[in-house]
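Okay, thanks for having me. Let's get the structure up on the screen and then walk through it.

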Amino acid sequence: MDDQNKNLILATALSFGVILIWFLLFPPPETVEDPNAPAVAESTEAGTPATAPALSTAGTTAGAATTVEPTAAADAPRLDIATDRVTGSISLLGGRIDDLKLNDYRETLDEGAPIVTLLSPNGEPNAYYALYGWAPGAGLTLDQVPGSNTLWSVESGETLTAESPVTLSWDNGAGLTFRRTISVDENFMFSVAQTVENTGAGTVSLAPYGVLARYGEPEDLKNFFILHEGLISMADGELAEVDYDDMTDYSYDQREGAAAEVTQVESEGWIGFTDHYWMATLIPGGDAGFKSVSKYDAARDIYQAEAVMRTLTVAEGETAEANSQLFAGAKEWATIRAYQNEGGVTGFLESIDWGWFAFLTKPIFALLHWLNGFIGNMGWAIIGLTVILKIIVFPLAYKSYASMAKMKELQPQMEKLKEAAGDDRQKMQQSMMELYKKEKVNPAAGCLPILIQIPIFFSLYKVIFVTLELRHAPWFGWINDLSAPDPSSIINLFGLLPFAVPDLGFFELFSLGILPILLGISMWLQQKLNPAPTDPTQQMIFAWMPWVFMFMLGSFASGLVVYWITNNVITFTQQYAIMRHHGYKPDVFGNIKASFKKKQKEDAK
């Protein structure tokens with residue numbers, strides 16, 4: 001076996017092994033406290049961090065104006081939310097933003113499928129909501145500040161829209177009037193301005209906070225290794241990602257009254273929960289810093305994210321204000337990028353899980369997004385992206401294919417060297433190296449196209465899987481979701497037979513669609529640029545490889561298969577042209593005929 005074939009088989013086996021492992025690992029697709037209630041903040045000097053909201057017991061809140069069971073939140077008076085992109089309502093019990101639907105997205109592609117629900121009230125399955133309040137400091141008790149069960153009054157506004165904010169108010173009856181003005185932009189960013197007016201006697205201190213409470217893990221949790229779902233936070237430029245099962249392993253924090261982790265953010269940051277395509281995030285305003293807290297209540301299976309801003313001191317006759325934002329919506333690249341670059345939310349694009357190959361996935365997606373905007377179809381954008389990537393790596397590919405063509409020209413000389421060396425392998429290797437050096441040929445150059453392909457393939461796989469823009473993105477015909485496998489199946493002759501394909505479980509691997517079959521054919525044709533190797537082991541590997549890849553990638557996202565087919569077609573064209581340019585004429589049809597004749601001879605035996 002010559003060095004060229006050894007290197008080619010090594011590179012092929014390596015890529016095959018990596019993809020096989022990837023496919024196997026990531027097959028497609030005591031006394032507890034209530035997270036709603038604030039704890040009494042320790043007496044602190046102005047400007048120092050306040051204690052985070054703590055949890056009460058038995059489902060009630062000591063600091064509420066009216067003590068009620070949490071399930072009553074769904075029945076409390078409400079203010080409607082109505083914009084082009086989101087609808088829902090705000091509960092006046094605690095002033096919770098706890099009912100939010102994303103108008104532009106549906107759960108499935110089925111006709112009449114429900115709109116995606118992001119936030120839902122306490123008392124409903126998988127409750128998930130945002131809550132704001134004040135933790136009492138010096139001069140105040142828990143019942144003198146608004147909490148999770150405080151019943152707010154509407155001071156102004158009837159419906160929260162992108163043009164009209166709403167203001168809630170609550171008087172504690174002891175000289176403090178609290179107001180909360182909530183506004184929302186045309187996308188998914190809520191602004192929350194909390195004010196406290198001191199008309200009583202004496203100075204008080206208190207700390208504003210925001211809480212995201214999530215009851216149980218999401219029902220549609222992917223639990224996919226390459227995708228982060230769970231707590232996500234940014235603290236002074238440092239991104240932290242904590243899975244839900246890792247939150248359950250937190251150590252108990254006596255100060256927080258729960259299993260928790262606490263980070264003191266010195267200037268800017270945010271904290272929240274991220275799903276596959278959606279996210280809710282607390283973003284404190286300004287650069288004064290805040291305390292970032294994540295907690296887990298094991299008894300009731302509640303995950304909680306908190307942002308506790310610095311303690312404010314309010315003298316008699318003064319008013320203090322704290323501003324923050326809540327992102328609650330879809331992880332659209334352009335929208336999140338605008339919030340980062342124009343809205344000043346530091347590192348917000350990192351909320352999209354770019355992975356270890358971020359240096360590739362970020363520019364690849366940016367280019368794909370631009371192409372989609374230019375072409376207007378994500379499937380054709382993927383094909384355009386493939387063409388551009390092939391142009392970028394063409395200099396390396398040219399050297400590789402030119403080297404392979406040169407190796408073909410040297411084949412007769414290599415055969416003579418083998419005959420002359422006989423069984424002396426060391427002599428043969430030395431003679432080969434001298435020949436390579438003389439002819440200026442690098443036998444390893446043939447591996448470059450395959451080795452270059454691996455990181456690009458993985459990066460594009462990551463992009464297609466994690467980015468929202470590929471979700472439910474159609475191409476043409478039967479391909480109506482590029483993030484999902486090809487829905488056609490050979491079992492019903494790709495829809496020609498009048499029955500649906502049943503759920504085959506593991507054996508769905510063999511329910512091949514049109515795209516995977518085209519992938520296998522394109523790989524097979526690419527092989528036919530060269531005659532079949534004479535070594536039986538090599539023959540077997542090369543004969544099976546296209547069809548193994550066909551079955552492996554059959555359950556991958558259609559967008560990825562479209563990329564691979566396009567890549568194979570361009571590679572075939574490039575290799576054929578370069579070989580012809582260097583004087584070697586690939587006999588594709590002859591090689592195809594030879595493979596069938598050989599098969600017939602084997603069957604005859």
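First, the housekeeping. This is a predicted model, where local features need pLDDT of at least 70, side-chain atom pairs count only at pLDDT 80 or more, and totals for chains, interfaces and linings use all residues. Residues are numbered from 1 along each chain as its sequence is written, and side-chain values use heavy atoms, with hydrogens and water left out.

So, confidence. pLDDT is the predictor's confidence in each residue, from 0 to 100. The chain has a mean of 81, with 77% of its residues at 70 or more. Residues 1–14 fall below 50, and beyond near neighbours in sequence that stretch has 32 contacts in the model, a contact being heavy atoms within 4.5 Å. Residues 19–52 also stay under 50, with 120 contacts beyond four places in sequence.

Now the inside. A nonpolar core here is a set of buried Ala, Val, Leu, Ile, Met, Phe, Trp, Tyr and Cys residues joined through side-chain atoms within 4.5 Å. Buried is under 20% relative accessible area, exposed is over 50%, and partly exposed is in between, using a 1.4 Å probe and protein chains only. Which residues have the most contacts inside the largest core? Phe 190 and Phe 348, in a core of 121 residues. Helix H9 gives the most to this core, eleven residues. Helices are DSSP runs of H or I, at least four residues, strands are runs of E, at least two, and both are numbered from the N terminus. There's also a second, separate core of eleven residues, including Ala 127 and Tyr 129.

Back to Phe 190: leaving aside neighbours within four places in sequence, its contacts include Ile 81, Leu 160, Val 184 and Gln 325.

Over to the outside. Where does Phe 476 sit? In the loop between helix H9 (448–466) and helix H10 (514–527). At 38% relative accessibility, Phe 476 counts as partly exposed.

Last, two loop residues. Asp 236 isn't a glycine, yet has a positive phi of about 55°. Asp 236 lies between strand E12 (230–235) and strand E13 (238–243), and counts as partly exposed because its relative accessibility is 33%. Asp 301 also has a positive phi, near 55°. That one is in the loop between strand E18 (290–297) and strand E19 (302–309), and Asp 301 is partly exposed at 30%.

That's my tour; over to you.
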